[in-house]
Every structure is written in C-alpha cells, then in structure tokens.
2 protein chains.
Amino acid sequence: MSARSSPELTVLTVNNTFYQAMQSLDLGQMEAVWWHDDWVRCLHPGWDLLLGWDAVRESWEMIFSSTAKMNVTISRPLVHVLSDAAWVSCVEHATSAVESDFITTLVEATNIFVRRNSQWRMVHHHTTPLTGRVPAATSRTVQ
Amino acid sequence: MSARSSPELTVLTVNNTFYQAMQSLDLGQMEAVWWHDDWVRCLHPGWDLLLGWDAVRESWEMIFSSTAKMNVTISRPLVHVLSDAAWVSCVEHATSAVESDFITTLVEATNIFVRRNSQWRMVHHHTTPLTGRVPAATSRTVQ
C-alpha cells in the first residue's frame with residue numbers, strides 16, 4: 001500500500017489477505033495475518049468460540065489439513081476504523097472440497113483488526129452461516 | 001460506575017444494559033445504548049445484516065412489537081478494550097413468547113462498543129444461533 005492509502009483501504013487489503021490465506025490453505029500466511037495474543041477469538045461456522053492464538057492456530061491447521069481445495073470470494077465489504085482498531089463486515093462465498101464432497105457456504109462475517117507499529121492484523125473472526133439465504137446488497141462499501 | 005472502575009468493567013456493564021433493554025422490550029433504553037450513526041451494523045438471528053441506526057432502530061421496534069415477553073441472560077462474557085473501542089463476546093440465552101409459542105435460543109454474540117465523551121455505546125451486534133449446541137465454558141471472563 002502506498003503512504004497515501006487510507007486506513008480503510010489498508011484494512012480491506014488485510015481482510016483480503018486473510019481470505020487469500022484461507023483459500024490457499026496456507027497456514028504460514030494465516031499465521032502472519034493474526035496477532036498471536038491469548039485474547040484473540042474465532043468462531044468458525046458450526047464450531048464453539050475459540051479463545052487465544054494457540055486454539056485459533058490449531059483450528060486453521062485442522063481445517064486446512066482436512067480440506068483438499070477451497071475457493072473463497074467475498075462481497076459487500078463494510079469497514080469502520082477507529083484509531084488503532086477496525087472492524088469489517090463481509091459476506092464469504094466459500095466452496096470446499098472435503099473428502100468426497102463439495103460444500104458451498106454463504107457466511108456473514110465480522111472481522112476485527114488491531115494496528116500496532118503501522119501493522120494491521122486480525123484479532124477476531126466471527127461467522128454466521130446464511131443457510132439458504134442470499135443477503136441483500138447495500139450500495140455502500142467503505143464507511 | 002465509580003471513577004475507579006476499569007474500562008473493561010464499564011463496557012461489561014453497558015453490555016448488560018443492552019440485554020436489559022432487550023429483555024424489557026424497552027425501545028427507549030435500546031436507543032440509549034447505541035450510537036445513532038449511519039455506519040452502525042446489526043445482524044439479528046435469521047436476518048440480513050442491517051446497516052445504519054435507522055434500520056437498526058426499526059428492527060428493534062419490530063422485534064419488540066411482535067414479542068409478548070422475553071427473558072435474556074448471558075454467560076461467558078469476554079471483553080477486550082483498545083483505547084476508545086471495545087468488543088465483547090458472550091452467549092445469549094433467550095426465551096421469547098411470540099404469538100402462541102415459546103422460542104428458546106442460544107446465541108453466540110459479538111458486540112462492539114465505542115467511547116465518546118466518557119460514554120460507551122454499542123455500534124455493532126452480530127449473532128450466531130448455536131442450534132442444538134451447548135458451547136464449552138471457558139475459565140476467563142475479563143481479558
């Protein structure tokens with residue numbers, strides 16, 4: 001990002017990097033996008049809330065090792081930045097190959113990011129499967 | 001709250017006030033617990049994401065007018081404060097009387113709060129129904 005990028009655009013870029021890590025099943029890239037604190041939290045679809053980086057890292061390792069291939073795109077990203085904290089809402093469109101099945105899920109996500117030393121990283125990932133529903137679009141993408 | 005209260009305890013108190021407003025079906029109290037900005041967001045169970053205070057207020061008015069009685073308790077609150085932003089994870093246990101039925105739901109929530117002029121208020125409410133699942137407890141309540 002150039003020095004002229006707004007914090008909002010920088011956060012949306014980090015949000016995209018998170019989904020690139022997910023799609024690539026790349027644990028190293030996923031590790032690089034999170035702060036490794038004992039208070040970070042993650043709610044995967046169908047899971048209980050995970051607390052702390054060790055549990056969150058282990059969950060990604062488990063998901064990536066049981067997934068043959070994953071395609072992830074996002075739509076309707078909304079971002080709000082307040083000083084060194086930021087939160088993004090977006091809709092994930094994920095298709096996974098798990099064992100012999102393809103699973104397509106539509107998920108509403110809230111992702112929270114924290115900035116330290118000019119670096120934005122994720123500290124919170126909360127998902128809600130939108131079973132059988134196509135969420136309404138909005139016309140606003142950056143707040 | 002006394003002047004000696006930590007920001008974490010203050011945020012948890014505002015989080016409790018939010019659930020008291022929900023349980024009381026009190027639109028005035030609900031209005032008082034949110035900032036009325038056009039970028040606040042709310043995902044009720046089974047709804048699409050709502051953007052902006054007008055839509056969020058209207059949703060609470062609709063929910064309260066269609067609900068005869070609601071009982072809400074929360075468990076496992078986890079809070080993190082970063083300057084003037086804070087986020088809480090908790091499990092909502094809600095029993096509602098809607099028309100002739102009682103509906104009990106267990107919901108994982110992420111609530112984001114912003115402080116202005118020493119006042120903490122909600123700006124984001126994201127829920128995930130935990131259908132048929134009892135979430136694991138954790139031993140930590142304040143981060």
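1. In what order do the six strands of the open sheet in chain B stand, and is the pairing mixed or of one sense? The model, which is predicted, places them in the order β2-β1-β6-β5-β4-β3, with mixed pairing. In general, the strands of a sheet are joined by backbone hydrogen bonds, in either the parallel or the antiparallel sense.

2. The edges of this sheet are β2 (50–51) and β3 (69–82) of chain B. Each of these two strands has a single partner strand, so one side of each is without a neighbour in the sheet.

3. Within the chain B sheet, β5 (residues 101–116) and β6 (residues 119–129) run antiparallel and are joined by 10 bridges. B:Phe113 has B:Met122 of β6(B) opposite to it.

4. Helix α1 (residues 7–24) of chain B lies across β3, β4 (85–98), β5 and β6 of that chain. The helix runs at about 160° to β3(B).

5. Apart from neighbours within four places in sequence, B:Val11 is in contact with B:Val79, B:Val81, B:Ala86, B:Val88, B:Phe113 and B:Trp120. The largest nonpolar core has 68 residues, and those touching the most other members are A:Val11, A:Ala86, B:Val11 and B:Ala86.

6. In chain A, β4(A) and β5(A) are antiparallel and share 14 bridges. A:Ala86, already named as a member of the core, stands opposite A:Phe113 in β5(A). The two strands form a hairpin with two residues between them, and A:Glu99 in the turn has a positive phi of about 50°.

7. β5(A) also pairs with β6(A), in the antiparallel sense and over 10 bridges. One bridge sets A:Val107 against A:Pro129 in β6(A). Two residues separate the strands of this hairpin, where A:Asn117 takes a positive phi near 50°.

8. The contact between the chains draws 26 residues from chain A and 26 residues from chain B. On the side of chain A that touches chain B, at least two residues come from each of β1 (41–43), β3 (69–82), β4 (85–98), β5 (101–116) and β6 (119–129). β5(A) gives the most to this side, with four residues. By class, this side of chain A has 12 nonpolar, nine polar and five charged residues.

Note on methods:
Residues are numbered from 1 along each chain as its sequence is written. Chains are lettered from A and ligands numbered from 1 in the order in which they are written. This is a predicted model: local features need pLDDT of at least 70, side-chain atom pairs count only at pLDDT 80 or more; totals for chains, interfaces and linings use all residues. Two residues are in contact if their C-beta atoms, placed from the backbone, lie within 7 Å. Ala, Val, Leu, Ile, Met, Phe, Trp, Tyr, Cys and Pro count as nonpolar, Asp, Glu, Lys and Arg as charged, and the others, Gly among them, as polar. A nonpolar core is a set of buried Ala, Val, Leu, Ile, Met, Phe, Trp, Tyr and Cys residues joined through C-beta atoms within 7 Å. A residue is buried if 20 or more other C-beta atoms lie within 10 Å of its own, exposed if 12 or fewer, and partly exposed in between; C-beta atoms are placed from the backbone. Two strands pair if DSSP finds at least two bridges between them. Axes are lines fitted to C-alpha atoms, for helices over the stretch in contact, and angles run from 0 to 180 degrees between N-to-C directions.
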